[in-house]
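Me: Could you take me through one part of this protein in some detail? I would like a close look at a single helix and its surroundings.

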Amino acid sequence: LSKIDGNLFKDTEIDYVILPGISTPREIALIRKKIELELKVAPWLILRVDNNQAYANIHALLPHVDGIMISRRELALSLDPALVPIASKEMIHACHEKAKLVMIASDMLGSMRYNATPTRAEVSDVANAVIDGTDAVVLAEDLSLGPYAERSLSLCKDIIRDIEEQENININ
């Protein structure tokens with residue numbers, strides 16, 4: 001943030017800022033102060049949980065942010081990948097306890113960059129994120145560049161709607 005030119009955002013409305021690689025409440029406080037001083041706005045701060053330190057400190061960090069975005073792909077680089085699903089569930093639960101927004105990002109429907117049909121695992125990934133109680137799923141970033149961008153978005157909406165309409169599924 002030391003390189004932010006406040007004039008870049010002069011006529012821009014900022015709703016939220018995603019904070020990557022942050023692992024202490026002090027860092028969040030410094031960033032919040034810098035944003036408010038430089039940009040004259042108070043956007044929501046969303047912590048991107050993308051490393052083991054952020055995950056390990058999640059209970060200390062949650063009071064200082066408005067929500068989190070769990071980057072499962074990045075988290076799996078610093079945490080045993082087999083533990084990432086459980087860690088995600090723990091963080092979703094922690095967010096629910098503190099009334100914080102929680103998003104899941106992990107190459108959702110990533111195979112649709114090149115294929116018209118996602119894998120069964122990808123469909124299950126989106127469905128399970130909804131069942132676990134996430135507030136939002138973040139699709140693979142480069143889907144928008146591929147030929148199936150609209151189809152992937154439509155399919156994601158269908159999966160979410162279908163899961164939410166199920167009466168026999170306990171959505172957290």
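Reply: Happy to! Please keep in mind that this is a predicted model. Let's take helix 1, which covers residues 25–39. Its 15 residues reach 21 Å from the first C-alpha to the last, close to the 21 Å expected at 1.5 Å a residue.

Now look at which side chains are covered: Ile28, Ile31, Ile35 and Leu39 are buried in helix 1. These four span an arc of only 65 degrees around the axis, which means that they sit on the same side of helix 1. On that buried side, the packing partners are strand 1 (16–20), strand 2 (44–49) and helix 3 (58–61). Turn to the face pointing away from the buried side, and you will find the exposed residues Arg26, Lys33 and Leu37. Just after helix 1 ends, Lys40 adopts a positive phi of about 60 degrees.

Stepping back, the protein has seven helices and five strands, arranged from the N terminus as β-α-β-α-α-β-α-α-β-α-β-α. The radius of gyration is 17 Å, close to the 16 Å that the globule rule gives for 172 residues, so the protein is as compact as a globular protein of that length. Buried residues account for 38% of the 172 residues. Of the contacts between residues at least 6 apart in sequence, 66% link residues at least 24 apart.

Definitions and conventions
Residues numbered from 1 in each chain as written. Predicted model: local features only at pLDDT ≥ 70, side-chain atom pairs only at ≥ 80, totals over all residues. Heavy atoms only, no water. Helix = DSSP H or I, 4+ residues; strand = E, 2+ residues; numbered from the N terminus. Expected span 1.5 Å × (residues − 1). Buried < 20%, exposed > 50% of the residue type's maximum accessible area, 1.4 Å probe, protein only. Arc of directions from axis to C-beta. Contact = heavy atoms within 4.5 Å. Rg over C-alpha atoms; globule rule 2.2 N^0.38 Å.
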